[in-house]
Amino acid sequence: MSAEVIKKASELAEAIASSEELANLRAAEAKLQMDPEAMELLQEVQRLQQMAQMSGTAEAMQQLEEAFNKFAENEVAKEYLEANQRFSQMLETVNSLLREAIEGPKHHGCSGCSGCGM
């Protein structure tokens, strides 16, 4: 195992652990857990998610979607969802960079995209 790779992976892990995105997510999660209304809405989403996974019916999916939309309208929940999305986007970017370094750049015909200059 390459010591340099392990060192860099450790540095990346530390950078992620100390990132603003993770700090914001943890703060939003703590705020969510302290809000009884938001937690009740979240528990309902989780309950319906389990039902939808087990039954797979359109009705169960519809109920889940409605419960999630209600959850997402709650201000505390909205803050949590936004923080979670920002953190997830950061991790997705890191994963994309790793994948590109391993596999080489992928050109997928991004019409109108000027991100990579291709």
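Read along the sequence, the protein chain follows the pattern α-α-α-α-α. Its secondary structure comes to five helices and zero strands; helices (H or I, at least four residues) and strands (E, at least two) are DSSP runs, numbered from the N terminus. The model is predicted: local features need pLDDT of at least 70, side-chain atom pairs count only at pLDDT 80 or more, and totals for chains, interfaces and linings use all residues. Residues are numbered from 1 along each chain as its sequence is written, and side-chain values use heavy atoms, with hydrogens and water left out.

Of the 118 residues of the protein chain, 22% count as buried (buried means under 20% relative accessible area, exposed over 50%, partly exposed in between, with a 1.4 Å probe and protein chains only). Among contacts between residues at least 6 apart in sequence, 61% join residues at least 24 apart; contact means heavy atoms within 4.5 Å.

Leaving aside residues up to four places away in sequence, Val45 touches Leu64, Ala67, Phe68 and Phe71.

Helix α4 (residues 58–73) packs against helix α5 (residues 75–103) at an angle of about 95 degrees, with the axes 5 Å apart. Axes are lines fitted to C-alpha atoms, for helices over the stretch in contact, and angles run from 0 to 180 degrees between N-to-C directions. The two helices α4 and α5 are therefore roughly perpendicular to each other (65 to 115 degrees). On the α4 side, Phe68, Phe71, Ala72 and Glu73 meet Glu75, Ala77, Lys78 and Leu81 in α5. These contact residues divide into five nonpolar, no polar and three charged.

The table gives a C-alpha separation for each of them.

| Pair | Apart along the chain | C-alpha separation |
|---|---|---|
| Glu40 and Phe71 | 31 residues | 8.9 Å |
| Met34 and Val76 | 42 residues | 9.6 Å |

Technical notes:
Parallel < 35°, antiparallel > 145°, perpendicular 65-115°, else oblique. Nonpolar A, V, L, I, M, F, W, Y, C, P; charged D, E, K, R; others polar.
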